[in-house]
Structures are given as C-alpha cells and as structure tokens.
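The entries below follow the order in which I looked things up.

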Amino acid sequence: MSNNIKYIILVIIFFILQAVWFNQVLLFGTYAPIIFLYPLLILPVYKNEIQSLFMAFLLGLGLDITNHTGGVFAATAVFVVYIRKFYFLIGKGPTQDLDQIRVSNLGIAQKVAYYFTFIFLSQLLIYGLESFNLKLLISKLGYIFINSVLSLFFFILIDYLFFNTQNK
Amino acid sequence: MIKLLRLLIAKKSFLFFILLELISLLLIVKTHHYAQVKTNDWQTAISGRIQQKLNVINRHWYLQKHNDSLLKQNARLLKQLNEKQAESGPALPGQFDYIPAYALSNQYHLEHNSIIINKGQKDGVMPESGVISTNGIVGVVQKTSAHFARVISILNKSSKISVALAHTNYTGFLQWPHTGPNNFEITDMPVDAKIKKGDTIITSGLSSIFPKGIPVGSITDFKTVPGRKSYVIEIKSFTDMTNIGPVFVVKNRYKKEIDSLKQNPGHVK
C-alpha cells in the first residue's frame, strides 16, 4: 500500500513539474524535455497493471488539460506503460521471475537504453498525434532525437540524485 | 458465457489498455480540428470503398429489376418516337404500343424457326403482331396462350415481310434464303430504285404488323433478275438472330380495322 501511495505522490510531483516548469521553459530556446514519463517508467512492470494504466491515463489527461492537447499525452502515457512489458520480454526472453523485474535493479547501460527507448517512442507519439501528419513528423525527427537526449539527461540526473540504489 | 468471462478476466489489462487508448483518441479527434478533418477523410475513403463493393453485389442482385425497368423505358421511348414520326405520316398518333418481353427460346438452325416469348394474351399480345428487338425486326406472333406467345422468326422460309429502301417509297419483300442466320433477301424491289451497297432497309409500314421505319438491315449485294424489272437484294440484318436479347411486341390499335378493310373493300361500320 505504501508503495502505491509513493507512486501516486511521484506522479503528482512530476505532473506539476512538467506542467508548470518543463512545458513553459525552452532549453536552448528550442527544446522542451519531457519528464512526466519518469514515474510511469519506474512502476513495476508485471504488477498492478490496471492501476498503472489508470495512473498513466490520469497523468496524461492532466497534462492534456493544461496543454489543450485533447488526449495526446493520455494516449502516449497509456501506450508506453502497456508496451513496457514487451520490451523486457523481447530483450531478455521469457524468464521465470517476471514479477521480480525491477527497473531499479537494471545496470546503468540497461537503464539508459530502457529510458531512451521509451522517451523517444513517447516523443514520436506526442508529435505524431499532435500533427496527425507523417511528413511533418519525419521532418521533426532530428528535433525529437535531441529532445529525447535532453530528457534522458534529466531522467539519469533524477535517478542518480533521488532514486540511486546501491545494490542490484 | 463463463468461458467468455474467464477470457475477459485473463485479458483485463489489454482490454483496459484498449479502452483508455480509445478514450484518448476520441478526445484528440474531438479537440483537434485537423485531426477531425483527417479522420473524416479516412472514414469517407473507407466507407466509400466498402459501399463500392456492396454496390457491385447490389447491382448484381437487382440487375433483373433494372433490366425490366430499362425495357419499359425503351418501350415508352419507342412509342414516343413513333408518335413523332406519325406527325409526317403514315401512322396515326398513338397507333402503336410496345410490350416488352424476353425470348425464352430461339431457334435459328431449322428451315422454319420460331421463338417463344414470355408475354401472352394476359399482357395484351395478339396474333399477327410484329416483334422487334432494339436493333431491328425479329418476327411475327403466330399463336398466344395466357402467358406466352409463339413468334414466327424472320428466319423462317414462310416469312415474308414488307420492307422499303430508307428515305424512299420503293418497297420489296424480305425473305430468308437459309444461307445464314443474319443473311436475307429482298425481292420485288423495282429497278427504278437507286440502290447501292450499304443502303439501309426499313419496314415499309404498308402492313398493319410493323410501323414504318423499323430498321431491318443494310445492303451487301444486289443484282437484277433477267426478264424481270426488279432487284434481288442481299442484306445483312441489324438484329443478330442468334442473340436477340429482350424484344418488344408491336401492338397496333387499329389492326382489326385495317385488316377488315383489306378483306372487305366495301363500307365498314
């Protein structure tokens, strides 16, 4: 139960951070990193899926309301939370201890790969759903890549400063 | 039912994911004008394709109905055409009606060929009514029953139909020499007629069976008969007698009156 409350609080904090600060500030005058995905990506992968999806939906919906984007963030957040389990299945093959998979137990390289994959994917979805135009999305690939790298930087920073675990 | 419930419970996270995605996508389409327009375009394209496929099926099922409707329309147009032609004579306005029909059987390999059509007395078909197709003449009704009629085809050695050279009053008789299903002969056309290959032959209107001007065929060859002042003209019929398709029975409203005058040249009441 305490874990659930912890995640709920994290979601609220990151929602505020994203809505109030990161969406309003442009890094280098151009880039708007996304960090709202962080609490969703550190959720347990194979436990409480319904709760995770619902939380992702609410977080996304909150951002949509503040940004007037309809359901773009909600669709992206829900998609990313659902698709995570396939990442671990594809990457590691079927394991006996699926329920034991923890993001906090991953090595730094594995974490970078994991975070970057879903940050990039979510950026593609956000810009794709917002523009509804494939050509426009392709023309923004460079921007999306750099934005993803910047977002990744913040993810690693937050991870190191607040959620660093000593043991795997 | 229980199995379905179990399946739903087993896949609950997937179903919940789909539900949330649908809600999100719905919100996107509702709020974004461009997304609305694009979605409308896709919907129109997809439903258009589906409708097109369904239309092909529908058209096939309703083909017979459409055919019948077109036949009726043709009959009305033929009547209108006749009435227009009647303004310059010889027919009277409204003299001819056209009853659409289909040929149920069509012989063309015997010496005396006949056709059975699917209209009879109950439809107003009478013996000695002409039968035409969309391209030209086909035959003359010989016998009728309540729902069917037997037609003497023009591919019949006993058939003799009065025809004329188009745009003239030179007449002759159309007969079948049994040299092919679409080859005919015209006899007794006077040599005064200036004819050439390719000229059109039409019905003369001199009988009460066919109105004037129904196309019959075009001249392929002609020769004069030694000792007689007439041509023997070979023509190719416009109607393909091996494939006659839908037909029209020509109903002459004044047929009895005309025939009666021919038989009794005295005063007729």
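**Entry 1: helix against helix across the chains**

I find H3(A) and H2(B) roughly parallel to each other, so I log them that way; the label applies to angles under 35 degrees, with over 145 for roughly antiparallel, 65 to 115 for roughly perpendicular and oblique for the rest. I note that this is a predicted model, in which local features need pLDDT of at least 70, side-chain atom pairs count only at pLDDT 80 or more, and totals for chains, interfaces and linings use all residues. Residues are numbered from 1 along each chain as its sequence is written, while chains are lettered from A and ligands numbered from 1 in the order in which they are written.

H3(A) packs on helix H2 (residues 12-31) of chain B at an angle of about 10°, and their axes are 9 Å apart. Axes here are lines fitted to C-alpha atoms, for helices over the stretch in contact, and angles run from 0 to 180 degrees between N-to-C directions. Helices (H or I, at least four residues) and strands (E, at least two) are DSSP runs, numbered from the N terminus.

Which residues meet in H3(A) and H2(B)? From H3(A) I list Glu49(A), Ile50(A), Leu53(A), Phe57(A) and Asp64(A). From H2(B) I list Lys12(B), Ser13(B), Phe16(B), Phe17(B), Leu20(B) and Leu27(B). Contact means that C-beta atoms, placed from the backbone, lie within 7 Å. The residues of this contact divide into seven nonpolar, one polar and three charged. My classes: Ala, Val, Leu, Ile, Met, Phe, Trp, Tyr, Cys and Pro are nonpolar, Asp, Glu, Lys and Arg are charged, and the others, Gly among them, are polar.

**Entry 2: the whole interface**

I counted 15 residues from chain A and 18 residues from chain B in the contact. On the chain A side, H3 and helix H4 (72-92) each supply at least two residues. H4(A) gives the largest share of that side, six residues. The chain A side divides into 11 nonpolar, two polar and two charged.

**Entry 3: chain A**

Chain A has seven helices and zero strands. Buried residues make up 31% of its 168 residues. A residue is buried if 20 or more other C-beta atoms lie within 10 Å of its own, exposed if 12 or fewer, and partly exposed in between, with C-beta atoms placed from the backbone. Of the contacts in chain A with a separation of 6 or more, 68% join residues 24 or more positions apart.

I also checked H1 (residues 2-22) against H3 (residues 49-67) in chain A: the angle is about 20° and the axes are 10 Å apart. H1(A) and H3(A) are therefore roughly parallel to each other. On the H1(A) side the contact uses Tyr7(A), Val11(A), Phe15(A), Gln18(A) and Ala19(A). H3(A) answers with Met55(A), Leu59(A), Gly62(A), Leu63(A) and Thr66(A).

**Entry 4: barrels in chain B**

In one barrel, six strands close in the order E1-E2-E5-E4-E3-E12, with antiparallel pairing. The twist averages 45° from one strand to the next. I count strands as paired if DSSP finds at least two bridges between them.

Another barrel closes six strands in the order E6-E7-E8-E11-E10-E9, again with antiparallel pairing. Here the twist averages 40° from one strand to the next.

**Entry 5: strand E5(B)**

Why do I call E5 (residues 149-156) of chain B largely enclosed? Seven of its eight residues are buried, so the rest of the structure largely encloses it. Strand E2 (residues 112-117) of chain B joins E5(B) by five bridges and runs antiparallel to it. His112(B) has Asn156(B) as its bridge partner there. E4(B) also joins E5(B) antiparallel by five bridges. Val141(B) stands opposite Val151(B). E4(B) and E5(B) form a hairpin with four residues between them.

**Entry 6: Gly245(B)**

Where is Gly245(B)? I placed it in the loop between strands E11 (230-237) and E12 (246-252) of chain B. Not counting residues up to four places away in sequence, Gly245(B) touches Ser133(B) and Thr134(B). Gly245(B) and Thr134(B) lie 111 residues apart in sequence but 8.5 Å apart in space, C-alpha to C-alpha.

Methods: Two residues are in contact if their C-beta atoms, placed from the backbone, lie within 7 Å.
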